[in-house]
Amino acid sequence: MNVSYEWLRAFVPFDQSAAELRELITAHTATVEELLALRQDLAAIVIARVVEEAAHPDSDHLHVTRVDAGTGTLLDVVCGAANVTAGKMYPFAMTGTVLPDGLKIQKRKIRGATSDGMICSARELGLGQDHEGVMELDVDVPPGTPLLSALPLGDMRLVVDVLANRPDLLSHLGVAREVAGITKKPFALPAIDGLGAVIPNAATHATSARAATVDVRIDEPGLVNRYMGLVIRGVTIGPSPEWLVTRLASIGSRSINNVVDASNYVLHELGQPTHAFDVAKLGGSAIVVRRATAGEKITTLDGNERTLNAEMIVIADASRPQGVAGVMGGRDSEVTESTRDIFVEVANFNPSRIRDARRALGLSSDAAYRFERGVDLEIAPRALERLAQLIVLVAGGQIDGAPVDLGYERPATPAITLRVSRVAKLLGEPVGADEIAALLQSVGFDVDRTANDLLITVPSWRGDVVAEVNLIEEVARLRGYDRVPMEIRPFRPGTVGDDPQWITSKRVRESLVGAGLLEARAMPFVAGGESFVKLTNPMSENEGYLRREILDTLARRAEYNLARMEGNVRLFEIGSVFAPRSGALPAEQLRVAALVMGRRQPPHFSDPKTPEFEAWVRYDQWDAKALGQTIAAAAYPAQPVSLRDADHPDALWDIVVGDAVVGAVRRVSLDAPVWAAPAFGVELSLGDLDSSSVAPQGESAHRPFSRTAVSVTRYVPLASTPASEFDLALLVPDTVRGEQVERVIRRVSGKLLERVELFDQYSGKGVDPGHRSLAWRLTFRHPERTLRDREMDARRSDILRALADELNVRQRSN
Amino acid sequence: MDLQEYIAQAEAIEHEGTAALQSAADADALEAARVAFLGDRQGRVKGLQEALRGISKDDKPAAGKRFNEARTRLESLHGDRKSALQHAMSPVDRGDLSLAARRQWRGAKHPVTLVIEEIEGIFRELGFTVAQGPEAETEWYNFGALNFPPNHPALDAHDTLYLEGEGLLRTHTSPVQVRTLQKYEPPIRVIIPGTVYRRDFFDASHAPAFAQIEGLCVDENISFVDLKSTLNRFAERFFGASRTRFRPSFFPFTEPSAEMDVQCGVCGGSGCPTCKGTGWIEILGSGMVHPNVLEAAGIDSERYTGWAFGMGPARIAVSRYGIPDIRILYDSDVRFLDQVAGADR
């Protein structure tokens, strides 16, 4: 909302500068986002005195002058205006100045006479249409004074961020009321010279009435909260007077013609949208407030044809819509230069209906913006009077009869009890009843004192105040938030402990960062398809679904990196995934995923320069398997984790905790360039997110916070006896899996086996076809004594026998 | 020589040998000490061994034991000292130490995570714990319970992504306030970090999914004083000793509502492009929990009062790290994340 400093001052005689006003309004009412000095295009214009003036020797209309612009020397200036007079003050543009129209003043010769600068007319400065001569100034300032500091041209614009609950601030009246309250000054509508047309009292009716020659009718109760209208005859459409143009310019609104400008003036002054119809163009000389019929069309003032639906309200004549109610007028009945008689509409529409219409049409307007938020129902008669008087003042014409006032019912305004004790409770310190009353009264609330409490009647423009707590906010802000004491008071600890998934996520994140991975946070939208959760209103079709897997997101991020020639990718993300569930919110799960590809460590000058090393140094499935184990260990501490062969394509292992599959390790297929290394991924669940209702609406279902059990690994005594070890180099048929061999080794070895380590795999020369050579190192330890060679030999033979019998695995002989 | 005499001698040799070996400053000194004590010909340990012959048969086992102890100790001391000197002094491979280290990839948390964790840490000092909730929510938890009037312009700031079938993607973390209040009895002191969604086009300053962190404090006798002082403390901790200011604002779920600004760190409050000339940077929205929200969660709003706040860690991250385009946070460009990790490339 653009607010003019001068306009406000026409309401309230405050002493504050614009900058001070900005602070006050921001501290008490609404944030002033910007403070703009207007007419900065005139910043370089100074006031100069013409010291000498003479006719140009070679011209019959030019004058040569000597000008004091405060520079210390007199400047030679040629001037074409007849009214230039020695001794007078004028706006002056020195050489190098750029005028508002873009003209750059240069030093030059005009018919042989030097001209160093320009004496300006009002028109050249954008200060009016008068170009009959240069702009004579009646000021008493030294030459060289900037024009803006000498004349009240430099109005300031305050850009106020009006939030959705305060539509009353969408007018100068509303902001001025607040400023008056805060500065403790009176306020009144700005006086306008010559305003005085007498408007008869409006006649109130339920649904229909006649305003002069126009039949006004509300088709159906409830379509409009109030509809006022008045006919003005014999207006002359033309330009607006200077003051009106300037007022509108000060808030960034362009002058159109006198009638439209008057309507805009009232909009910004009182916050009431109004509209003028050309009576001659109203078919059947009727105004009907009715529902649109579905598919009905109208061309709005912006020149676009709009198709309406049956939920929208139109202002129609006897046959067709002439405006979309509360949103925008129609082009057909627009006021034009030939308009003589106008029907002025001042109405109040239902916010929700206007909001729906505005959204459905995708058509924003100042009117819709205000109606959507709520316009003061009681301002209509004042707005109608102000508008009619203004039109008569600026466009001539005569009021024809009394205004009509339809559909208006005075709403009940129940009083709200405000407990002084409750103010203290919420604000944290006592505020006296007198102070509360004074604060509320300063912005228009009616206050009745009862024994202990206050009975407050809310003014019609404050529809947002419906409960005691709203009044407490009024007290707090009018008093000033800065007056609330700043002291940390004792508090009781909360009943809720940390969310277990948050703790788990942290642990997982730390472990992945420790493993050298980089955390990503990416958009969780995917191209999706069936079995994905679909968005009903996505931003784009290729992001119309929610991800089922985080690896899906990470794969796209890896491709993004590959496209930037970055082939070493190591990313992880922790976040939600979604799966559809019929008739319920999607199933949501918290997950972690990691994707690795390329080098597992940065290059070093000492690295072997061999193809074998280049292959070795790339992340492979064994790194991915380890990563899976690392993540699972962090996510499910002290629980048995195993990686089981997965049987679906691209998948390598399922991650199993206890009996449950909680994740997977797999290859990730990418849209990758040929030079890219293979990509591997891990994805693991950190648990489901419960989106079921905690308790019925308006109820609670309190329960004690259940702490997450801390899982502990018990201490195993550290051995002080020496270990014994031997190696088994085995010929393993390709049909036998390594884990089967290990299982047999563990079983036969018994309790004293401390570690089984695969240290070599070989196939090819020297190994029977259909076999591979796998070599394990077995470490044994007795807790109390040294193991004897004999015992070790026996174990070795037992293991080899069992392997041969059960798996047909033999010792490798060579 | 009797036993007592022998043992005294052994002790003296061990003591002196220890001193000589330990004080050897380089390989030569160590070798000299070795020759003096452990030398095959002139060594004093050798002498001690020879002196065993003069010990009576009865005393020999005891004397022999003491001799072995002394010899073993000095020998092992020599070995230790030798390797210590070798490691310390080894001229081998000192070479050009300016060459690059053999590095491992360095991992990093996301900048938004770093901001969240920092905020979390500060609120932990003040007794807050972390609560969480689902991102797919019902209309009621996201709007209704939070006192949003239906079809109200307040909804404009919450352009919502709806899910086919049921529900929507939460537009703020505030539904978790309601869930927490329904689930646990006051006193409640929680912060709620999480991802939220808005139907915004992905551009330099907007992302359709972004992090939010929210706080909620509900108990008896909680007032605006607690809101202001706690958030001011947060600002002191997070931004350094900067001034704060509280302005009236509007959120359907708080009343009174307040926006908190901190004094602009770039210009110190005098006004600059960073703060758009105001001298203040907007940090968070806050307010006293609206009684309707408490009642929606089944909490007696006469007995209990509370305050809440919410802010955007991504906004803080971009200003803190000087990131010109918010999409950089979400692109997951390894080169950017390596910068966050502080790794050389």
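In this predicted model, the lining of the largest cavity draws at least two residues from each of helix 13 (500–514) and strand 31 (569–579) of chain A, and likewise from helix 5 (111–125), strand 4 (188–197) and strand 5 (209–220) of chain B. Strand 31 of chain A gives the most to this lining, with five residues.

**Largest cavity**
- The largest cavity holds about 480 Å³ of space, and the structure has four cavities of 30 Å³ or more.
- Its lining is made up of 31 residues, and those nearest the centre are Arg521(A), Ile574(A), Gly575(A), Glu135(B) and Thr195(B).
- Sorted by class, the lining of the largest cavity comprises 16 nonpolar, eight polar and seven charged residues.

**Second largest cavity**
- The second largest cavity has a volume of about 100 Å³, and of its 13 lining residues Thr29(A), Asn165(A), Arg166(A), Pro248(B) and Ser249(B) are the closest to its centre.
- Two or more residues of this lining come from each of helix 12 (468–479) of chain A and strand 6 (244–251) of chain B.
- Its lining divides into five nonpolar, three polar and five charged residues.

**Contact between the chains**
- Chain B brings 116 residues to the contact and chain A brings 112 residues, and between them the chains bury about 9700 Å², 57% of it on carbon and sulfur atoms.
- Trp105(B), Asn151(B) and Pro248(B) supply 8% of the area that chain B buries against chain A, more than any other three residues.
- Chain B and chain A are linked by 10 salt bridges, including one between Arg509(A) and Glu117(B), whose closest N and O atoms are 3.9 Å apart.

Definitions and conventions. Residues are numbered from 1 along each chain as its sequence is written. Chains are lettered from A and ligands numbered from 1 in the order in which they are written. This is a predicted model: local features need pLDDT of at least 70, side-chain atom pairs count only at pLDDT 80 or more; totals for chains, interfaces and linings use all residues. Side-chain values use heavy atoms; hydrogens and water are left out. Contact means heavy atoms within 4.5 Å. Buried area is the accessible area (1.4 Å probe) that two parts lose on being put together, summed over both. A salt bridge is a side-chain nitrogen of Lys or Arg within 4 Å of a carboxyl oxygen of Asp or Glu. On a 1 Å grid over the protein atoms alone, a cavity is a set of points where a 1.4 Å probe fits but cannot get out, and a pocket is an open set with protein on both sides within 12 Å along at least five of seven lines; lining residues have an atom within 4 Å of a point. Grid points are joined across faces, edges and corners, and a volume is the space filled by probe spheres set on the points. Helices (H or I, at least four residues) and strands (E, at least two) are DSSP runs, numbered from the N terminus. Ala, Val, Leu, Ile, Met, Phe, Trp, Tyr, Cys and Pro count as nonpolar, Asp, Glu, Lys and Arg as charged, and the others, Gly among them, as polar.
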